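Colleague: I am new to this one. Please show me the model, and then I will ask how you know what you say.

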Amino acid sequence: GLVNHVVSQLIQAIRSRDISFTSIERLGAGSYYEHVKISEPNEFDIMLIMPVTRLQLDECDDTGAYYYLSFKRNPKEKHLFKFLDEDGKLSAVKMLQALKEIIKQEVKNIKDVEVTVKRSKAGSPAITLQIKKPPAEITVDIILTLEVQQSWPPSTQDGLKIEQWLGRKVRGEFRNKPLYLVAKQNKREKVLRGNTWRLSFSHIEKAMMNNHGSSKTCCESDGPKCCRKSCLKLLKYLLEQLKMIHTKKLEKFCSYHVKTAFFHSCVMWPNDTDWHWGDLDYCFQKYLGYFLDCLQKSQLPHFFIPQYNLLSVEDKASSDFLSKQINNQLNNGFPIFQE
């Protein structure tokens, strides 16, 4: 409730203060909204969705995930021209900066609760708010997201292999949804100019999480229960705890790795009977086995962009370290879950 109150006030201010942002809408993304949050609901991801009619997408590396954006001829969005850089590319940094300024001004007007804007990490797509309401402290990541009504780029063609799991029809429906792009710095660029954008599939991920069964009634109130989400929560928790102990060594890993491995597992074991509620222990070990296999090979393809490997070979040392820590837990009956 508190988060909604703060975000609603900010959105009103953003819409009224800059013509470029009048059409902004909000979308809750991330684990809280996918109902796979494992600890206190103290972290929220809010995507600020900004509709754009059509953009020219140019790949900026071989991942198929990062793009330069420019406008096609005679765009409707003349008000966004001020965010173009000298090469005519839409600058993520400029847009984030403008948004952040408005938010910084507006948090001063929020009376009943203390809200501060945290310093951004370099290249982060998020504007992070800290909401203090003793005894609680909540962080909210606000992520600027462009919503483009056009077909997905070629790099996604062979991704989203859900035919056996959720069906061909559902895959078609998903691929007809708009394209999302978030203001994310591409770390591989030699010179960081802040004009790259990364594809985001948060809206599709949320839909898959919330309708995860191969049968339509899976986990409905009167339908059969599966253990898919419980498996995901267990592995997320395991990674979260290990990261708390080995912060530096595991900084390369985030819950998105675990989630990607989860979607691949749902495809490998597509039936609801493969995830029988009573077989939680067995199912978790199976999914964990797949994740360990990915770590060992340094190979975890992005679920929507198969050419994009989320575990680079340069990070082999941290993959091996994580692998060792997980095996340690596995062989000792997961002491971390007992604590």
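Colleague: Which residues does the UniProt annotation "domain: Mab-21-like HhH/H2TH-like" cover?

Modeller: Residues 227–327, according to the unreviewed UniProt entry. Keep in mind that the model is predicted. Over residues 227–327 the chain is 61% helix and 0% strand. The end C-alpha atoms of that stretch are 22 Å apart.

Colleague: What makes you speak of domain 1 and domain 2?

Modeller: The domain assignment of the protein. It gives domain 1 as 2–202 and domain 2 as 216–337. Their C-alpha centres lie 26 Å apart.

Colleague: How do you know which residues of domain 1 and domain 2 are in contact?

Modeller: Contact means heavy atoms within 4.5 Å. By that cut-off, 27 residues of domain 1 are in contact with 20 residues of domain 2.

Colleague: What is the area buried between domain 1 and domain 2?

Modeller: About 2000 Å², with carbon and sulfur atoms giving 63% of it. On the side of domain 1 that touches domain 2, there are twelve nonpolar, nine polar and six charged residues.

Terms used
Residues numbered from 1 in each chain as written. Predicted model: local features only at pLDDT ≥ 70, side-chain atom pairs only at ≥ 80, totals over all residues. Heavy atoms only, no water. Domains from an automatic or database assignment. Buried area = accessible area lost by both parts, 1.4 Å probe. Nonpolar A, V, L, I, M, F, W, Y, C, P; charged D, E, K, R; others polar. UniProt positions renumbered as here; feature names shortened; annotations may be inferred. Helix = DSSP H or I, 4+ residues; strand = E, 2+ residues; numbered from the N terminus.
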